[in-house]
Amino acid sequence: MVQIRSLRGRADYRSARSAARRAWESGEDRAGVSIELGRLDEEFGDYPAAEQVLSGGVRATDQLPVGPPRDRLRAALLAMRVRVYRSQGRFADASPVADEALLLNQAAFSPGDPTACEPLVEVGRLRQDVEDIDGAEQVFRRAGEIADKAAEGPAKSAAHAITLGALGGLERVKGRYASAEELLRQALELGETAFGPHSLEVANVLNDLGITFKFCGRFSEAKPLYLRALTIIESGVGPEAPDVASIYHNLGGLEHARGDYLAGEPYARKAIEIRERALGADHVAVAADKAAYASIIDRLGRDDEAESCLRQAVAVLEAAFGPEHYEIAVNLNNIAAILQRRGELAEAETLYRRSLRMKESGLGPQHPALANTLNNLAVTCQRLGRAAEAEALFRRALDVLQAVEPDHPTIRRTLRNYAKLMGSRGRTQEAAALTARADEMTTP
């Protein structure tokens, strides 16, 4: 175990995996080694191997004396199985395993044991995946309380890095970007010390921080973070690992947000190619990749292909999550935008309203992620001759955007659309003021 952890600490993941495989096959500390090998197999995208190893580790705990040491190992093994299931989009399989891991965690770990934190975070991430935001926060904060009580040392720093990173990602989902940035910067600083600057743990925080900057409009700060994360992941686990696809997905999304669709298309396409090879065409992450790709190619004039990709993505996501998931709402908005441009306004309005209701249900009525749909619905209402309703929607879109950077492109787009509405109603002074605000904004 010492050799495995030492190699991992040097970011030599291939050698760590080989050493862990040898130790596992020798039967040496089968349960403990299974945690490390299962983690490494998951990071390399070899999910069947990870499942086999972790199942063997759980069976090995059956041979250990009953008591807290055995239960701590079992909780960690089960939590790693949750991670493997999550990576495959198998949320229904993960849920009962997470429940068992949580019960063992509560019973077996002392209040200040930092090794309790990672299993808790894995359970919390599953809850976040299935949009149980309150449940995720509860588990993450419990992990944070445990980390706070831990004795000073590397284990405490690692526990804090993992927990702060999880909380930071959750704050981003809630639209609290300033809080997310603060937590993720703390996680990055601690993670670079605890795991090393070239570790996969650090790459994950860099990616989360990049996403946060993208959402609040700080595009020039996001890209270097993504590129650094990409270098770490490709160096650590190779260019075909599923996490590499995640970075390409995000790079494509960043270029889409900046309006550089030609630059974004190859990134988004590469994400699909890598992830399909690793996971198959029907995986939820591949569906998300195809949806992101569709948003880009739609802007390049390939709207029929884009609509087909989006509808395929919705079908996969509905099968995995049911009809009310946030990602489905995003895709419905994007399908509606295609229909709107074609002049199919009634169907577009129906999809926009469904998307908006789903976003409000999952995120609350003031989340910045509502703004795009509010703006689009306002434009549709204007074209349908309902100017007063459109004006109210534009005002609400600008209101929810107060949490983002003042030069965010969605603000600019909303101001320009709102100005057109005011001009069409003869309110020329208001139209001029809105246009001036949009013109004053810098180009990202």
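## Cysteines and disulfides

Cys117 has a relative accessible area of 0% and therefore counts as buried, where buried means under 20% relative accessible area, exposed over 50%, and partly exposed in between (1.4 Å probe, protein chains only). Cys309 is likewise buried, at 12% relative accessibility. The structure holds 0 disulfides, a disulfide being a pair of cysteine sulfur atoms within 2.5 Å. In general terms, a disulfide is a covalent bond that joins the sulfur atoms of two cysteines.

## Basis of the model

This is a predicted model, in which local features need pLDDT of at least 70 and side-chain atom pairs count only at pLDDT 80 or more, while totals for chains, interfaces and linings use all residues. Residues are numbered from 1 along each chain as its sequence is written, and side-chain values use heavy atoms, with hydrogens and water left out.

## Salt bridges and the charged network

Across the whole structure, a search finds 53 salt bridges; the term denotes a side-chain nitrogen of Lys or Arg within 4 Å of a carboxyl oxygen of Asp or Glu. A network of salt bridges links Arg5, Arg8, Glu36, Arg39, Glu42, Glu43, Arg83, Arg86, Glu118, Glu122, Asp129 and Glu201.

Within this network, Glu42 and Arg83 form a salt bridge through their side chains, with an N to O distance of 3.1 Å. The pair links distant parts of the chain, since Glu42 belongs to helix H3 (residues 30–43) and Arg83 to helix H5 (residues 68–87), 41 residues apart. Helices here are DSSP runs (H or I, at least four residues), numbered from the N terminus. Glu42 and Arg83 are both buried.

## Arg90 and Glu51

A salt bridge also joins the side chains of Arg90 and Glu51, at 2.6 Å from N to O. Because Arg90 lies in the loop between H5 and helix H6 (91–108) and Glu51 in helix H4 (residues 47–61), the pair ties together parts that are 39 residues apart in sequence. Arg90 is partly exposed, with a relative accessibility of 27%, and Glu51 is partly exposed at 21%.

## Lys290 and Glu276

In the salt bridge between Lys290 and Glu276, the closest N and O atoms are 3.3 Å apart. This pair links distant parts of the chain: Lys290 is in helix H15 (residues 284–299) and Glu276 in helix H14 (residues 261–279), 14 residues apart. Lys290 has a relative accessible area of 16% and is therefore buried, whereas Glu276, at 30% relative accessibility, counts as partly exposed.

Definitions and conventions. Helices (H or I, at least four residues) and strands (E, at least two) are DSSP runs, numbered from the N terminus.
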